[in-house]
Amino acid sequence: MIGIYLIAAFSIALSLFLSRKKAITFILLGIFMILQGALTVHAYLNIHSTELSYFTYDSLAVLLLLTLTIIAIPAIFHSHIYLQDQPAPMQSRAVYYAAFVLLVTAISAGYLANHIAVIWIFTEITTLSASALIYHHRNKLALEGTWKYVFICAISITFVFIGILFLSLSLQNAGSDELSFKNLLANSAQLNPFWLRLAFLFIFTGFTAKLGLVPMFTAGVDAKDKAPAPAGALLSSVLMNLGFVGIFRFYIVIANTPLHHWANLVIGIAAFLSVFVATVYMVKVKNLKRMMAYSSIEHMGLVMLGVAAGGIGYYAAILHIILHAFVKTSMFFQFTQLYRVYQSKNIYNIGNYYKYNTSGAMVLLLAFISATAMPPSGLFVSEFLIFRSLFEAHQIILLLAVLLLLTMIIWAFGKNVFKILFIPPVGFDESKVPVISPWESASQFALLALAVFLGLNPPTELVELIKESVMLLPK
Amino acid sequence: MIDVLLITFIITLFYIAIANRMLTYIKVLALQGVLLFVVVFIQLNEINPLNLALILLETIVFKSVAVPLFMAYVLKRNNITREAEPYLPNFVSLIITTVIVVVTILLANGVKDTHLDKIFFVVALSSLFTGLYFIATRRKIITHVIGYLIIENGVFVLSLAVGNEMPMLVNLGIMLDIFASVLILGIFLNKIGDVFKDVDVDQLSSLKDY
Amino acid sequence: MNLIKIFLAIPVLVIILAPFLKVKGNGRIVFLAVVLNALLSGYFALQALSGQLLEFNFAGSLATGMVNLRIDALSGWFILIINFIFITGGFYGLFYMKSYEEQKNNLRLHGVAFLLIHTALLSLCAIQNSIIFLVVWEIMALSAFLAVTFEHEKMATIKAGLNYLIQSHFSILFLMIGFIWVAFKTGSYDFNAITAYSTANPGGIALVLFVVFFIGYSIKAGFVPFHTWLPYAHPAAPSHISGIMSGVMIKIGIFGILRMITLIKVDYYTVGLIILTFSVISGLYGVMLAIMQHNLKKLLAYHSIENIGIIGMGIGIGCIGLGNGNYMLASLGFAGGLLHTWNHALFKSLLFFTAGNVYQATHTLHIEHLGGLIKKMPQTAFLFLIAAIAISGIPPFNGFISEFIIYSGFYNWMQGSMLGPLMAIVFSVLALVLIGGLALLCFTKAFGIVFLGQARHHFHHEVKEVSTFQLLPLYLIAFFIVFIGVFPQFFLNALSKPVQLFTGIPSQPVIPFQEQIGGILLPVTVGTWIFIGIVAVTYFVRKLAMRNRKVAIGSTWGCAYIAPNQKQQYTAGSFVRSYSKLFKLFLSSSKSEEEVQGIFPSGGTYETHIYDHLEKYLIDNPIAAYKSLLGRFSFLQNGRLQFYILYGIVFIVSVICVPLFYDQIVLFIEFIKQI
Amino acid sequence: MLSLFLILIAATFFTGIIIRVKSVASGRKGPGIFQPLKDVARLFKKGVVYSETTSFVFQVAPTIYFSSVVMAMLVVPFGQSKGIISFNGDFIFFAYVLALGKFFSIISAMDTGSSFEGMGASREALYSMFAEPAFFILMGSLALLTGYTSFQEMFAALHIGSYISYALAILGTFVLMMVAMIENSRMPIDDPKTHLELTMVHEVMILDNSGFDLGLILTAGYLKFALYGALVVNLFIGVFQYKYSIPMFFIIQIVLASGVGLIESFMARFRMSHNAQFIFVLTSVSLLIFFGVLLILGRFV
C-alpha cells in the first residue's frame, strides 16, 4: 500500500505541478485526498504490519497519520479559498498545490518510517516542499523567510545525518549494523554510550528545527509567518509532529539505555528554554501569525517537558501534540478569514473582529481558550497530566516556573486576542469589509470541538493507541 | 597515502580561512571534491561498478564539477563582488581554524574506540566546525552556501570514517537529498541575487522580533 | 438523575438557539432558562436542606474517571443564594440592558455568558470530581470575563477583565496544584480522596494542603491580599453583573473554603486562626480603602472585600470552635458566617442594582458629580438607604443579625480562654467594631453625597427614575433584607443543617441548634420589634402634634450668607478629609491641584486619586520586574542567520563541554565557598 | 423598669444643673434647673421651617434619633433590677441602636446640602466611630470579669474587691464618662456654646432643624446624658440594696452634671485635629482595663 501511495502521490504532485487547468487540479486533489484517506484506513486496519521493510504502521504512526489526514482535508479546502481570494498566477498556484501534496506525502511517509535514515530522507523532502510553499508570495520577505528556513533546515538536517553516523558508530559493538529502530532497541544494551550520547545530541539538535524547539526554532517562526496561512497550519502542526516522531522514536531507544537520565536532562533543558523563549516573544510580538508560531513553540516545549518528566508525561505528551495540531490548524485557518477582513497581520490594524465576522470571532475566542489550555479545552487535560508528571518527577520548582511563564503567555495572548476581538482599530474603514459566510468556519469549529472531545472524553481506541506507542518506554 | 590526502584537506580548510576571493573558495571546493574521490577510491576494497559509479557521481561530478560551476555561474550572474569581506580579519579566522583543528585532535585523542579511524574523525569534525565558523563570520550569502558545502564534505569524510555504509537505497536517497538541498539553496541564491542588489546578509535581516 | 440531565440540557439548548433568536427573545429565553434551572436546582437544594444527602454518580470518561455529584446541606444553602440573586439580577438585567439593544450579537454573547455563569456556579456546588470541577470553575471564570467586558470597546474594560481573568487563573493554578497533589498520592480525582489523604497524614501536610486550597479559593473570594481584581472588575461590569459577581461569585470562593473545611481533616484551631487573621485584615483594609473611593461601584467593590472579611471571621471562629471542641462556639461561628453570606448577597446586590439605576439615569458613577438624586429618583434612593443601613450592620436590618451572632461567638469564645486567644478576640472585636464604624462613615458619605443635597453637576439629559418593572426585583430583595432583620428565626431551620455539617450532632444532648441560636436571637428581635414600635409611636405623636402647626419652606441656613449655591455643598472629599489625614499611613493618594489665583480667578481644579498600596507592591512591581526580565531576552530572534546557526553550535558545544568541566566548576564553587 | 424611671427623672435636671453650674462659675445667677425642659416644651408648640433642599430623610431623622435613644434607655438596668429588656449581648444592641440614630442624624445633616452641616456630620461620624471600640472593649472586659454578657448580669455580678479593681473602676468610669461626652458632644470634644459654626460638631448638624423636630433632638440629648450617667452609676451600685443605691444614683448623677459644668467653664475645647487622637486614647485605656481584668483572673500564662 505504502509503495502505491508514494508512487501515486509523487505522480499526482508532478501532474499538479504541470497542470494549468482548474478542473484537473481539483480532480487530482480529490484523488489525493482519497488516497490519503485510503492509506490512513489501511494503516489503521493492519496496524503493526511492516511494508517495504522500511515502513511500519505502529500505533504512534497511525495516530499521527490520522491527525494529518483529518487536518489535510480542511487544509486543502482553505487553500482553495485562499488561492481564490489571492489573484495568483496559475503557475504559482500549481506549484503551491504540488508542494502541498508533496509535503503531506513526505510527512505521512516520515511518520511511518521505521528506519532513522528513512525518516531523515523524508524530513529533508519536507524541507524542500515547504520551501516552495513559503515562497508562494514571491516577494522580498517571503524570499528571506524561505532562505532562512531552507538554510537552517539544511544545516540541522546535516546535524541529524552526523548523528546518524555516530549512531552507526555506536552500533559497532553490537552484531548487526542495521539502523532500524527495532534493531536499535534490540541491541540497546550493546550500544556504545559515548557515540550514543553524541548521536542523540546531534539528532535532537537537528530535529529541533522541525519540532520548533530551542536551539533551532528560529527559522520555523519566519516560515510560518511567511507561508500562506493554510500551509502555515501544516507547518506549525503536523510538520512539527514529524520532528517529534524523529526525536521520540530515537528517545525510545535511548530511554532503554543507561543514558536515559542524561537524555531527559537535555530534553528538559531545551524544553524549558523553549517555553521561556516563547513567553519572551508572546509578550513582545505584535504580528498575530508570528504569535501563533511562538505559541506552537511553547506547546512543543510543554510536550517535551512531558517526555522528559516521564511516567504519565509520555501519555500526556502524545495526547497534547495531537490536540495541539487540531487547535493550531483551526487557528491558522481562521487567520485566513481575518486577513481577508483587515489585509494586515499587525495587531494595531486589527480590531473589533467580533463585529465584522462574528462566527470567525467565536472561532478565534475558542481557539484562544484552547491554545492557552484553559478548561474546557482538551489541551487542559493533557497539560494537567504534564504538570502532574512534573509533580510526580518531583520537579516542583520547574513546575512553578513553567506555570508562571504560562500565565504570562495567557496574559499576553489574551491582551492581543481581546484587542482583536473587541477594540475598534484606528483608521479602519468598514466600507469594504467582505462578508464571510459562517460555513467557512465550520471546519474550524469542528477541529476545535474534536480537540475538546478527545481531551475530555477520549475514546478507548485513542487511549489504547497512545498507551501502545509509549509501551516500549521504561516505566 | 590517505593520511596525506586528508592532511591536504585540512590545509585546504586553512587556505579557505585566509583566502579573500570568491573564486578561490569555489576552486578549493572543487579541489576538496577531488581529494575526497581519491580517498574513497583508495579506501574501496573491491571494485563494484555500481558503487564506483555512485561514488564518482557523488564526488567528482557533483562535488567538484557541478556545484563549483553552478556557484561560479551564480557569482557571475549576480555580479557579486569578488571580495569575501569577512567580519573578522583573516588572521583571526586562521587562528580560530587552527584552534578548531587542535581541539578536534584533542577530542579524537580522548575517544577510546578501535573501530574509528582517528584522522578521519579529526578531518570530519574540523571541517564541520570550520564550515559553521565560516558561515557565522562571512558577510556574503554565497559564502554561507560554501560553508554549508564544506560541512557536507566533512560529513562525507565522517561517513567514510564510520565505515559501514547504509543500505544502497537509503544511501541513494540521502545523496539525492543533499544534492536537492544544494540545488534549492542555489536557486534561492539566484532569486536573492535578482531581488536584492548587492547580496549581503545584513539585507536579509528584516524578519525579526527585535 | 434525569433531572440533572434536563438541568444540563437547558443551557445547551439555549446556547444552540442563541444565534437564531431576536435580541429581545434571546434575553427572555435566557431569563426563562435561568428560572427553570433555578427551580430544578432549588428543588434539590430544599431536599438537601431538609437534611438528606443527594448523590448522583456518572460514568465520566477515561480522562476524568467517575464523576460524582453530591448535594449536601452546604451546597443547598449556596444554591439557594445563587438562584435568588440570579433570578432577581436576571430580571433586573432584562431592563437594564434595554439601552444597549442595538448591539445585537453583543447582547447574545452576554446572555449566553450569563446563563453559563449561573449553570457553572450551581454545578460547582455539587461536583465532586476535581478535573470536572476545574473545568467548570474555569468555564465560570471565562463566562464571567465575557459578561464583565460587555462594554468592551473601552480598553479600560478589557484591561479590568484581563486582570480578573489572570488572577482567577492564578486561583485555578493553586487549586490544580492541590488536586494534582492529592491525585498523585491517592490516584483518585474524587473529593473523598482529599479526606482520605488528609486523615492518612495529619499535621503539617494536611495543613499545607489546606493552605494551598485556601489561597486558591480566597483569590476568588477576594481576601486581602488577593483582592486586587475586585475593584477593577466590578466597576467595569454592567450593574446586574457586578451585583451577581459581588453577591454570588465571590461567595463561591467562600463555598470552596467551607467545602475544604468539611473535606480536609486538619488541626482546625490553627486553620481557624489563619482564616481569622486574613479576615480581620481583609475587613479593615477593605473598608478603609472603600471610604476613599469616589467611584460608587469601586466603593462597593471594596466593601465586598470588607464583608468577605466579616464572613471569614465567622468561619474562623467556627473552625476554632471545632478545634476546641466547643460545640456552641462552632455553631455560632458557622451560623454567623453562613447567614452573613446570605445577607451580604442581598444588600450588596441591592446596592449594585441601585448604583446601576443611578448610572442609567446620570451616565456617571463619580459621586462628586452626583447629588440631590433623592428628588429625581426617590424609590432608588429609598432602596439604597435600606441597603446602606443593612450593610453598616445596624438594626433593624439583616446585617446586624449576622454580625450579632458573630459578636456573641467572640464573647462566647472569651469565656475560659487564655491570653493568646484573648488577644486574638480583643483585636478581632476591635476590628469588627471599627469596621462597623467605618462602614457607617462610608455609607453616610455615599448616600449623603449621591442622593442628598443639591445636584452638583448639570446633566444635559433628563435624570429620571427607572421603570417600575426594573424596581420590582429590588423591592423583593429589600423585603428580604427587612424580613431577615425582623424575623431571623425563620431562617434558622434552613441554617441548622448546613451548620451541623461542620459541628456534627453533638454527642452529649445539649439544646439543639434552633433553640440555641434562636435563644440568642429572640430577645434581639424582640428588641427590634419594640424599637419599631417606639419609632411608630413617636412618629404618630409627631404627626399628631404637627397637625395644626404652620410649616414654612425656606432656603438652607447659610450662616447668614444669603447666596449659597450647590458648589458650596460639602463634597465627598471634604467629608472624609479628616479621616484620610488620620489614616495617611495606610492610604496613598495622589493630588493634582490647580490653585485659583489672580484678582479675577479663572477657576481651579483639584482632584485626588487613591492607590492601593498592596496592589502596588504585590502586583504591579513584580509584574514590571518580570516583564523587564523577559524583555532582556528579546535579542534572540534578531533576524541574523549567523546567530541562528550559532545557537545550534552553542547548544551542542555546551552540552558536550559542561559535563566535562562540571567537576571543575563544582570544585571552583567549593573553593569560592571556602574563601 | 426602675432604671427607666430613674433615668427619666435624672434627665429632667441633669442638663439644667450643668447650665446652672456654668453660670454660677462665671459669676451669673443663671436660669432655673428646669429651664431646658421649658425650652423643649416651647419648641414642641412651635411650627417648623424646612429647607427646600431637604427631603423626607430630614423629616424622619429626628424621630428615629429620638426613638433610638429611648430604645437604648430600655436596655439599661439599675443595679439588680433588669431594664425593660435584658439579654445576652444587649450592650451590642445598645451600641448599634444608638448607631442607627447617629446614621440618621448624619444623613439629615447632609440632606440640607449646607456647606457647614456636612462638616459637623463628618466629625460626628468619625468621633463616634472612634468612641465605639472603647465602649466594646470595656464591656468585653466586664464580660470577661463576670462571665456574663448582658448589662444587668454584668453589673449585678460586679463587686469591687481588690485594689486593682478600684483602679479598674476608676478607669472604667473615666472611659464611660468620656464616651458620654463624645456621644453628647460636650467638652472637651465639642463646645455646645461656641458661636462659630466652623468649630461646632453637634450643634452645626441641627442648624436647620426647628420646632417639634428640634425639640425631639434636644430631649434625646438630655436623655442620653442621663443614660450614660446611669451606666456609670451601675458600675458601683451592683451590690447595695435600693435604699442605698437609689440615693447614690441621684448623688452621682448630680456630681457628674456639676463636674461637666465645671469642666466646661474652666477648660478649653481640644483642637479639632486633636480630637481623634484623644478619642482613640480611650481605646488604649480600655485595653488597659482589659489587661487589668486578665491580671485579676490570672489568665496570664
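User: Which chains have the most contacts between them among the four pairs that touch?

Analyst: In this predicted model, four pairs of chains touch, and the pair with the most contacts is that of chains C and D. Chain A and chain D, by contrast, do not touch, their nearest C-alpha atoms being 41 Å apart, and no contact joins chain B and chain D, whose closest C-alpha atoms lie 56 Å apart.

User: How many residues does each chain give to the contact of chain A with chain B, and which elements of chain B give two or more residues?

Analyst: Chain B gives 29 residues and chain A gives 31 residues. On the side of chain B, the elements that give two or more residues are helix H6 (141-162) and helix H7 (168-195), and H7(B) provides the largest share with twelve residues. That side of chain B is made up of 18 nonpolar, seven polar and four charged residues.

User: How should I describe the packing of helix H12 (residues 260-284) and helix H18 (residues 396-422) of chain A?

Analyst: Two packed helices are described by the angle between their axes and by the distance between those axes. Here the axes of H12(A) and H18(A) come within 9 Å and cross at roughly 25 degrees, and because angles under 35 degrees count as roughly parallel, H12(A) is roughly parallel to H18(A). The crossing is left-handed.

User: Which residues make that contact?

Analyst: Among them are A:Phe272, A:Phe276 and A:Met282 of H12(A), together with A:Leu405, A:Ile409 and A:Phe413 of H18(A). The residues of this contact divide into 13 nonpolar, one polar and no charged.

Note on methods:
Residues are numbered from 1 along each chain as its sequence is written. Chains are lettered from A and ligands numbered from 1 in the order in which they are written. This is a predicted model: local features need pLDDT of at least 70, side-chain atom pairs count only at pLDDT 80 or more; totals for chains, interfaces and linings use all residues. Two residues are in contact if their C-beta atoms, placed from the backbone, lie within 7 Å. Helices (H or I, at least four residues) and strands (E, at least two) are DSSP runs, numbered from the N terminus. Ala, Val, Leu, Ile, Met, Phe, Trp, Tyr, Cys and Pro count as nonpolar, Asp, Glu, Lys and Arg as charged, and the others, Gly among them, as polar. Axes are lines fitted to C-alpha atoms, for helices over the stretch in contact, and angles run from 0 to 180 degrees between N-to-C directions. Angles under 35 degrees count as roughly parallel, over 145 as roughly antiparallel, 65 to 115 as roughly perpendicular and the rest as oblique. A crossing is left-handed if the near helix is turned anticlockwise from the far one by less than a right angle, and right-handed if clockwise.
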